[in-house]
Amino acid sequence: MIEVTPMRMEKVDLNLFVVFDALYQEQSVTRVAANLNLTQPAVSNALSRLRKLFDDPLFVRSPEGMLPTPVADNVVSDIRKALSLLGRSVTVNARFEPIHSEKVFRLGMNDLAESLLLPHLRLTVQKAAPNITIQSYYVDRATATEDLKAGSLDLLLDTPAVNAKEFGHQALGELPYVVAMRQEHPLAQQSLSLSAYLDNDHLHVSSRRKGRGQMDIALHGLGKRRRIKMRVQSYLVASQITKETDLLWTAPKVLANKTDLYLSPLPFKTEPLSWNLYWHKNAELDPASQWIRQIMAEVTRDVLNPDSAEGETD
């Protein structure tokens, strides 16, 4: 095992190890100079620096050429492994081969996106890149943007409210809303009017402690207000509460369709929930980032438009 202290390692020119490997293989300063497109004095200088680094001659002249010393024999395997790892890292970063990659992608998203996208994302990634790992975290918007800047998040899935010049972004799709209620709810099996909607109690999902939701902003524009009697963090918890109470839950249709709740059209107009994908512009041309962004866009399209996905043929 090569033992080089951290202080010494900071001063080491990694090209010296390339020369070492070439000398070990060729056992000739002349041939190494030709193979590496260096002058013979440059190779000799590199060998002198290697000898100082390892405190050993490393290669000694003989009628058969420059023969390695026992120290050189002991370290050549480690040096070649290190060069191989460095070469593979550079190649992977330059080309990014999903089938061989062991990269970990860190995604920021809430539980709605997790429940809808992650199962499909896992299956898609498994086919193309079986050694890649996906990690998902919920972080608030301010923290998430800082994490993107710091590189501790690769992608953030959020609404178009994120606004920073240093981020690239891509619109992924829109999620229209419906009103969900238990099957035995008094309003089930009938047309839901705005007055009935406002006369009933509501469940609201938000990870924030305060602040109006998209429905409340739309109603405010109409001069109306709904009665929110319960506020929870999780969309999945919301579906269970709705099933067991008379609360109305205004939810994205693509999620509500996965429940056994009764669904009614929203009795007023509002914008759908929009999903955008964000990344730091430093990763704009990174092949790995480009790949996972494309996968995320394809998975989101298929999840939000299942009918069109099923209609596609090979």
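**Aromatic pairs and charges over rings**

There are eight aromatic pairs in this structure, which is a predicted model.

Start with phenylalanine 20 and phenylalanine 54. Their ring centres are 6.5 Å apart, and the planes meet at 40 degrees, so this pair counts as tilted. Where do the two residues lie? Phenylalanine 20 is in helix 2, residues 15-26, and phenylalanine 54 is in helix 4, residues 40-54. The pair therefore ties together parts that are 34 residues apart in sequence.

Are these two buried or exposed? Phenylalanine 20 is buried, at a relative accessible area of 0%. Phenylalanine 54 is also buried, with a value of 15%; the cut-off for buried is under 20%.

Next, tyrosine 24 and phenylalanine 59. This aromatic pair is edge-to-face, with 6.4 Å from centre to centre and 70 degrees between the planes. Tyrosine 24 belongs to helix 2 and phenylalanine 59 to strand 1, residues 59-62, so the pair links distant parts of the chain, 35 residues apart. Phenylalanine 59 is buried, and its relative accessible area is 0%.

Put together, Phe20, Tyr24, Phe54 and Phe59 are linked into a cluster by ring pairs.

Now the charges. Over which ring does the charged end of arginine 293 sit? That ring is tryptophan 279, and the charged end is 4.0 Å from the ring centre. Lysine 103 has its charged end over the ring of phenylalanine 105, at 5.3 Å from the centre.

Technical notes: Residues numbered from 1 in each chain as written. Predicted model: local features only at pLDDT ≥ 70, side-chain atom pairs only at ≥ 80, totals over all residues. Heavy atoms only, no water. Phe/Tyr/Trp six-rings, centres within 6.5 Å; stacked < 30°, edge-to-face > 60°. Helix = DSSP H or I, 4+ residues; strand = E, 2+ residues; numbered from the N terminus. Buried < 20%, exposed > 50% of the residue type's maximum accessible area, 1.4 Å probe, protein only. Lys NZ or Arg CZ within 6 Å of the ring centre and 35° of its normal.
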